[in-house]
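Visitor: Could you take me closely through one part of this protein, its nonpolar core and what surrounds it, with the criteria spelled out as you go?

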Amino acid sequence: MRLSGSTRIKQRAHQIFFQTPLDSKPRFTVHTIIVKIGELAKEAGISVSTVRFYEVQGLMPKPQTRESGYREYEQSDLERLRLIVAAKRQRFPLKLIRTALDALNQEPEPCAEIASLVKERIKTIGREIHDLQRLQAHLQGQLVAWERGTLPKAECLCAILQTDALQPR
């Protein structure tokens with residue numbers, strides 16, 4: 001029976017956390033969980049190539065590499081990757097994610113810096129929504145005009161799509 005990635009990670013964590021030396025009573029030893037890139041990607045819900053892309057972009061730290069060439073990732077890498085994935089799902093651009101991650105790593109009070117970034121992102125989203133609403137209204141108007149026959153039928157595609165809806169007024 002093949003185990004899921006999270007089950008394997010939990011089993012490895014159990015083995016690592018509950019090491020028992022042969023010559024003493026059981027004791028707890030705290031170690032970092034180490035996983036390969038495929039397990040890391042699966043746990044984060046993304047592809048291996050996306051993990052590598054985030055490394056190239058500087059969003060993820062360079063991982064430790066075994067002699068065999070396998071990359072080794074720690075629990076902190078998974079947490080960072082999940083943060084990146086969550087930010088991407090909220091449509092934060094990579095540049096803004098990098099700035100937020102830098103604030104987390106360097107600022108004494110990163111929440112204030114990140115709140116400022118989020119405020120700016122909200123303003124940007126508001127502008128994007130406004131632009132999309134203008135585009136939607138323009139395209140609906142073009143389509144209605146074509147359906148009524150006021151746009152040239154021979155050039156319907158070009159006439160419908162030719163738009164200045166997002167140009168500044």
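Guide: The accessible surface of the protein comes to about 12,400 Å², computed by the Shrake-Rupley method with a 1.4 Å probe, and 55% of that surface belongs to carbon and sulfur atoms. The model is a predicted one, in which local features need pLDDT of at least 70 and side-chain atom pairs count only at pLDDT 80 or more, while totals for chains, interfaces and linings use all residues. Residues are numbered from 1 along each chain as its sequence is written, and side-chain values use heavy atoms, with hydrogens and water left out.

Of the 169 residues, 26% count as buried, that is, under 20% relative accessible area with a 1.4 Å probe and protein chains only. The largest nonpolar core has 24 residues, where such a core is a set of buried Ala, Val, Leu, Ile, Met, Phe, Trp, Tyr and Cys residues joined through side-chain atoms within 4.5 Å. Val51, Tyr54, Leu81 and Ile97 have the most contacts inside this core. At least two of its residues come from each of α2 (37-44), α3 (48-56), α4 (75-89) and α5 (94-106), helices being DSSP runs of H or I with at least four residues, numbered from the N terminus.

Leaving aside neighbours within four places in sequence, Ile97 is in contact (heavy atoms within 4.5 Å) with Leu59, Ile84, Ala87, Lys88 and Phe92. Phe92 is also among the residues touched by Arg121, together with Arg91, Pro93, Leu96 and Glu128, when residues up to four places away in sequence are not counted. Arg121 lies in helix α6 (residues 110-148) and is buried, with a relative accessible area of 8%.

Terms used
Buried means under 20% relative accessible area, exposed over 50%, partly exposed in between (1.4 Å probe, protein chains only).
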